[in-house]
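Thanks for taking a look at this one with me.

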Amino acid sequence: MSNAFTTHVTNPATQYPQAWERAGSVKLLVLDVDGVLTSGQVFIGADGKESLKAFDIQDGLGIKLLEQCGIPTAIITGRNSKMVLARCEELGIKHLHMGVENKAIALDEVLKTLGLSSKDCAVMGDDWPDLAMMKNAGLRVCPAQAHQAVKEFAHYVTTQIGGNSAVRETCDLILKAQNRYEELLNKARQ
């Protein structure tokens, strides 16, 4: 049977040993928005403009936990959205690039600003426009509902879908691989 017709099955981290090792070196998390931080649905109001985006609260906490460990998050998206800007401000995300046609170029700008290389970052995308920015990333991640071509390219496919804790799953993977998860969890229990 051809690979083109086999269905990708999302598996636990133990079936992605390369992802665990790669997550241990992550110094920056780079995220697409639609399909990663959101479900990918676009709600258009009567005025013809985007009217709503829903973000997962657990994703936001995961991003904040990474920040506490010195791992910043960057957002690179092809769309312009006041809602994304507001969410980034709320989470303290300083590296936001919206309306980007070539996401790989935007990623290079972020890496230069932070003095990092592409191997230092995890990039999470869900569709073809994300492939170029994912290409040289140290850790390539996609949510469970990502396009098949992106799943085949990823080092790790989350069990969750975009907009439904897929980013949090990625953050937890990074925190666990860097031996920070238990420390943060114990702090939360106090």
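1. Let us begin with a question about contacts: what share of the contacts in the protein chain with a separation of 6 or more is accounted for by residues 24 or more positions apart? The share is 56%. Please keep in mind as you read that this is a predicted model.

2. Next, the overall make-up. You will find eight helices and eight strands in the protein chain. Its radius of gyration is 16 Å, close to the 16 Å that the globule rule gives for 190 residues, so the chain is as compact as a globular protein of that length. If you follow the C-alpha trace along its principal axes, the span is about 50 × 50 × 35 Å.

3. Among the 190 residues of the protein chain, 45% count as buried. The accessible surface is about 9800 Å², and carbon and sulfur atoms make up 51% of that area.

4. A word on charge: the side chains of the protein chain include 20 positive and 22 negative ones. The centres of these two sets lie 3 Å apart.

5. As background, strands of a sheet pair through backbone hydrogen bonds, either parallel or antiparallel. Here, six strands form an open sheet with parallel pairing, in the order 5-4-1-6-7-8. At its edges are strand 5 (95-97) and strand 8 (156-157), each of which pairs on one side only.

6. Which strands does it pair with? Strand 1 (residues 28-31) pairs with strand 6 in the parallel sense over four bridges, and Leu29 has Ala122 as its bridge partner in strand 6. Strand 7 (residues 139-142) also runs parallel to strand 6, and three bridges join the two. Across that pairing, Val123 stands opposite Arg140 in strand 7.

7. Finally, the side chains of strand 6: are they buried or exposed? In this strand (residues 121-124), Cys121 and Val123 point one way, while Ala122 and Met124 point the other way. All of them are buried, so take a moment to view both faces of the strand, with under 20% relative accessible area as the cut-off for that word.

Methods
Residues are numbered from 1 along each chain as its sequence is written. This is a predicted model: local features need pLDDT of at least 70, side-chain atom pairs count only at pLDDT 80 or more; totals for chains, interfaces and linings use all residues. Side-chain values use heavy atoms; hydrogens and water are left out. The radius of gyration is taken over C-alpha atoms; the globule rule is 2.2 Å times the number of residues to the power 0.38. Buried means under 20% relative accessible area, exposed over 50%, partly exposed in between (1.4 Å probe, protein chains only). Contact means heavy atoms within 4.5 Å. Accessible areas come from the Shrake-Rupley method with a 1.4 Å probe; for residues, only the protein chains shown count as cover. Lys and Arg count as positive and Asp and Glu as negative; His and the chain ends are not counted. The place of a charge is taken as NZ of Lys, CZ of Arg, CG of Asp or CD of Glu. Two strands pair if DSSP finds at least two bridges between them.
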